Amino acid sequence: MRRTVGSSAAPERAAVLAVLVAAFVGGAVVANRLAGKPVPFLRWSVLRFLLGSRRLVREGRVGDGREEALARRVVEVARPGDLDGVIELIDDFARRTSFLMNVGDEKGLLLDDAIVRARPLRLLELGTYCGYSALRAARVMPPGARLYSVESSAANADVAQRIWEIAGVSDRITSVVGSLGDGGATMDRLAAEYGFSSGSVDFVFLDHAKEAYLPDLLRIEDAGWLHPGSVVVADNVLTPGAPDYLAYLRGEEGRRWRTVPHRTHVEYQKVLPDLVLESTLLGVAQP
Ligand SMILES: C[S@@+](CC[C@H](N)C(=O)[O-])C[C@H]1O[C@@H](n2cnc3c(N)ncnc32)[C@H](O)[C@@H]1O
């Protein structure tokens, strides 16, 4: 009698391989921890983040409660009104406790500088998460400026709102739950409730679903909300990557847009590269 060795051995081999890989990765994480975490992304909280990537795309949360834990930490530890202290506390939480997909401190400086240069009065952010980049924006915005931060997850928007209140910036930021690609509801709300109108938006920060960067920029352009001199900053153009957005701005370079690329790193480590694009609307096509 012939034995069907191949069909029963394959799942066993896969199971053994999975156990070996898990043991290797687990050992590497433990060794990294014992050595004082010299490899920043070889941490359980980063691996958990990567394992939760499908949920992350669906819900905008990792799924282990780290966003709520951050809000609790800020409420318990931060001094009310200490904006710098809250930003540092969030960076520290992301480095030592649980990795967070904030723009982070290195790329955050690029965002700060772009806002300082543009001196915008009306800012639009797509992708609030826990409100970290909004805190940074609020710190450097000129007096009288307001940031509208659009977030598809109501739970994330709630975490951000609690953090902004502790930091003392909730009077300068408006949280909008929704997305520009929801068939017009959120764009209509921005127009009707918050006065978004022709040429009214000075600065946009794109930091939401990477495949939505280009369609949402085109929606904003089509709505006529930008004006010559409006600045759009986009995070994560290399990692995870927004290739169609990059190609669009390359094609428009010197015509409708002028873009400065900033080579940088993925948040909270210095190994994985990333690219932040800072684009200024020129407004008229040039021959
Ligand atoms: C990378 S995080 C934003 C980080 C934040 N800007 C910071 O630096 O602190 C991306 C966020 O975008 C949200 N998101 C995903 N798709 C979205 C969309 N189409 N519109 C608005 N928010 C979206 C996710 O729920 C998540 O909270």
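A cavity is a set of points, on a 1 Å grid over the protein atoms alone, where a 1.4 Å probe fits but cannot get out, and its lining residues have an atom within 4 Å of a point. This is a predicted model, in which local features need pLDDT of at least 70 and side-chain atom pairs count only at pLDDT 80 or more, while totals for chains, interfaces and linings use all residues. Residues are numbered from 1 along each chain as its sequence is written, and side-chain values use heavy atoms, with hydrogens and water left out.

The largest cavity has a volume of about 40 Å³, and its lining consists of Leu111, Ile115, Leu123, Leu124, Glu125, Ser133, Ala137, Leu147, Phe203 and Phe205. Two or more of these residues come from each of α6, β1, α7 and β4 (201-206), the elements being DSSP runs numbered from the N terminus, with helices (H or I) of at least four residues and strands (E) of at least two. Strand β1 supplies the largest share of this lining, three residues. By class, the lining of the largest cavity has eight nonpolar, one polar and one charged residues, where Ala, Val, Leu, Ile, Met, Phe, Trp, Tyr, Cys and Pro count as nonpolar, Asp, Glu, Lys and Arg as charged, and the others, Gly among them, as polar.

## The largest pocket

A pocket, in contrast to a cavity, is an open set of points with protein on both sides within 12 Å along at least five of seven lines. The largest pocket holds about 1,200 Å³ of space and is lined by 48 residues, of which Leu56, Met101, His208, Lys210 and Pro240 lie nearest its centre. The elements that give two or more residues to this lining are α2 (44-51), α3 (53-59), α7, β2 and α11 (237-241), and α3 gives the most, with five residues. The lining of the largest pocket comprises 23 nonpolar, 16 polar and nine charged residues.

## The ligand and its shell

The space taken by the ligand is the largest pocket, a molecule being assigned to a pocket if more than half of its atoms lie within 2 Å of the grid points.

Among the polar contacts (pairs of N or O atoms within 3.5 Å), a backbone N or O atom of Gly127 lies 2.8 Å from a nitrogen atom of the ligand, and a polar backbone atom of Ser152 is 3.2 Å from a ligand nitrogen atom. The side chain of Asn156 places an N or O atom 3.0 Å from an oxygen atom of the ligand. The protein covers 91% of the 610 Å² of accessible area (Shrake-Rupley method, 1.4 Å probe) that the ligand has on its own.

## Backbone geometry

Most residues other than glycine have a negative phi, and most peptide bonds are trans. Arg119, in the loop between α6 (104-118) and β1 (122-126), has a positive phi near 45 degrees. A cis peptide bond, with omega about 0 degrees, joins Thr239 and Pro240, and Pro240 is found in helix α11.

Definitions and conventions
A polar contact is a pair of N or O atoms within 3.5 Å; within protein, one must be able to donate a hydrogen and the other to accept it, and residues adjacent in sequence count only if both atoms are side-chain atoms. Grid points are joined across faces, edges and corners, and a volume is the space filled by probe spheres set on the points.
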